[in-house]
Amino acid sequence: MIHAPLVLAWCDDLFLQGHQLARWITDYVDLEESLAMGSIAQEHLAHAAALLGACEMSNLQRDAHVYERPASRWFPSELSMLPRQDWPATVAHALLINQGLLVLRGHMQLPDNPRVQQLAEIIRAEQDLHARHWARWARVFASDPGLSGEFTARVAGAAALAVDLFGFPVSDDGPDVFLAAADPADMQRQWAEAATLVLEEAGITAPALPEVPKPRRPGGTSGPLA
């Protein structure tokens, strides 16, 4: 298996986001959004599976990695944990995670394999669509005087949890084969700049976003994951 600790940690994020966003298929804002959440959730799981495959995991290894690993060996960002039944917070978390994925993919050097590269193109197109989806919701909240303040507060709360987006797991400081030429601090700064721009273009006052990554902690320290 390829040694890619930070990319594998982002697979944890994708898997958890996919399962948590799926709650909104039934606890939906409206029917159209319910269907969209099903699609985005499914694509998050597919993206995680594709990246695990790029790490040279077999299907059996992938299933063991996801379903048999103890919480202490998961390293998701704190931002991955979505508050239950809080749509503004869900949008805030998903928007910031999505912007992180866009930065991550810009630095990943995946194997020069036709199948992997084809999957990467599909993932890129779907993640760009997700970015437009969450930016649209930010504009919806910004345009409603009764909701803009609440959403701005949810974004600030989510931002405080995003300090570990590009931090390596505490048990493994690299190197990450797919990110050998990347600087985690540079990626964190790029994410902060990109997310700030998206929020401000939507009409939301962006909070100060963390620009220095901290290490990701084991999932066993997270109540929701445990």
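This is a predicted model: local features need pLDDT of at least 70, side-chain atom pairs count only at pLDDT 80 or more; totals for chains, interfaces and linings use all residues.
A pair of aromatic rings is described by the distance of the centres and the angle of the planes. The model has eight aromatic pairs. One of them joins Trp 87 and Trp 134, with 6.2 Å between the ring centres and 50° between the planes, and counts as tilted. This pair connects distant parts of the chain, since Trp 87 belongs to helix H4 (residues 87-107) and Trp 134 to helix H5 (residues 114-142), 47 residues apart. Trp 87 and Trp 134 are both buried.

Phe 141 and Phe 151 make another pair, with centres 4.7 Å apart and planes at 20°. The pair is stacked because planes under 30 degrees apart are classed that way. Here too distant parts of the chain are linked: Phe 141 is in helix H5 and Phe 151 in helix H6 (residues 145-161), ten residues apart. Phe 141 has a relative accessible area of 4% and is therefore buried. Phe 151 is buried as well, at 0%. The residues of both pairs belong to one aromatic cluster, which also includes Trp 24 and Trp 137.

Two arginines lie over tryptophan rings. Arg 69 is placed over the face of Trp 74, 4.1 Å from the ring centre. Arg 216 is placed over the face of Trp 10, at 5.3 Å from the ring centre.

Tyr 28 sits in the loop between helix H1 (5-21) and helix H2 (31-54). Its relative accessible area is 44%, so Tyr 28 is partly exposed.

Key: Residues are numbered from 1 along each chain as its sequence is written. Side-chain values use heavy atoms; hydrogens and water are left out. Helices (H or I, at least four residues) and strands (E, at least two) are DSSP runs, numbered from the N terminus. Buried means under 20% relative accessible area, exposed over 50%, partly exposed in between (1.4 Å probe, protein chains only). Rings of Phe, Tyr and Trp (its six-membered ring) pair if their centres lie within 6.5 Å; planes under 30 degrees apart count as stacked, over 60 as edge-to-face and the rest as tilted. A charge sits over a ring if NZ of Lys or CZ of Arg is within 6 Å of the ring centre and within 35 degrees of the ring normal.
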